[in-house]
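These notebook entries record what I looked up in one structure, entry by entry.

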Amino acid sequence: LASRDLLGKFAPGGHGGTYGGNAVSAAAAVATLDVFESEDLVSRAEVLGRRLLSGLRESLGSHPLVAEVRGRGLMAGLEFAEGDGLAPRPDVAQALVREALSRRLLLLTCGVWGQVVRIIPPLVTTEAEIDQALAILSASLEAATV
């Protein structure tokens, strides 16, 4: 669905393939969207996300190395820095990730300097799992900054 001039700029095999737009992948996409709708996962993420962010702010937000708690839905981030947020602390983020993993909570770092810890639970997580993660995060931050 492009002009011949534009299509002529692609080398053979350079655009498209059998992996895109086939019946199996289209059926999987439709089934996924059906689950999102039938289980109301978008609204669930919003409700549980508020619980997660509120809990993060209450339990970790006042720590002197937590520069910011941010997120949307079930995607949250803890940014670590000192000096009014001007000196990123990737070492603290990495230590928190290690401590959390030792407690069976899997997290990732991100950010320009690796100073942010990403918290992205699955959309089917439960309130109890959110609370458990918050407890692990609190204990892990304490251990990481001793």
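This is a predicted model: local features need pLDDT of at least 70, side-chain atom pairs count only at pLDDT 80 or more; totals for chains, interfaces and linings use all residues.

The entries below begin with the strands and end with the pocket.

**Entry 1: strand S2 and its partners.** I looked up which strands pair with S2. Strand S1 (residues 66–72) and strand S2 (residues 75–82) run antiparallel and are joined by six bridges. Within this pairing I found Val66 opposite Phe80, and Glu68 opposite Glu79. Two residues separate the strands in the S1–S2 hairpin, where Gly73 has a positive phi near 60 degrees.

S2 also pairs with S5, again in the antiparallel sense, over four bridges. Here Ala76 has Ile119 of S5 as its bridge partner. A further antiparallel pairing, of two bridges, links S2 to strand S3 (residues 87–88). In that pairing I recorded Ala81 with Pro88 of S3 as its bridge partner. The hairpin of S2 and S3 has four residues between its strands, and Gly83 in this hairpin takes a positive phi near 65 degrees.

I then asked how many of the eight residues of S2 are buried. The count is six, so S2 is largely enclosed by the rest of the structure.

**Entry 2: helix H2.** I checked the span of helix H2 (residues 23–38). Its 16 residues reach 22 Å from the first C-alpha to the last, close to the 22 Å expected at 1.5 Å a residue. Just after H2, I noted a positive phi of about 50 degrees at Asp40.

**Entry 3: salt bridges.** My search of the whole structure returned eight salt bridges. I examined the following pairs among them.

Arg51 and Glu127 form a salt bridge in which the closest N and O atoms are 3.4 Å apart. Arg51 belongs to helix H3 (residues 41–59) and Glu127 to helix H5, so this pair ties together parts that are 76 residues apart in sequence. I found both ends partly exposed: the relative accessible area is 33% for Arg51 and 43% for Glu127. Asp131 joins these two residues in a network of salt bridges.

Glu68, already recorded opposite Glu79, meets Arg70 in a salt bridge of 2.7 Å, N to O. Glu68 is partly exposed at 37% relative accessible area, and Arg70 is partly exposed at 31%.

Arg89 and Asp91 also meet in a salt bridge, at 2.7 Å from N to O. Is Arg89 buried or exposed? With a relative accessibility of 19%, Arg89 counts as buried, because the cut-off is under 20%.

**Entry 4: the largest pocket.** I looked up the largest pocket and recorded about 320 Å³ of space in it. It is lined by 17 residues, of which Leu105, Leu106, Pro121, Pro122 and Ala133 are the closest to its centre. The elements giving two or more residues to the lining are strand S5 (116–119) and helix H5 (127–144). H5 supplies the largest share, five residues.

Key
Residues are numbered from 1 along each chain as its sequence is written. Side-chain values use heavy atoms; hydrogens and water are left out. On a 1 Å grid over the protein atoms alone, a cavity is a set of points where a 1.4 Å probe fits but cannot get out, and a pocket is an open set with protein on both sides within 12 Å along at least five of seven lines; lining residues have an atom within 4 Å of a point. Grid points are joined across faces, edges and corners, and a volume is the space filled by probe spheres set on the points. Two strands pair if DSSP finds at least two bridges between them. The expected span of a helix is 1.5 Å times one less than its number of residues. A salt bridge is a side-chain nitrogen of Lys or Arg within 4 Å of a carboxyl oxygen of Asp or Glu. Buried means under 20% relative accessible area, exposed over 50%, partly exposed in between (1.4 Å probe, protein chains only).
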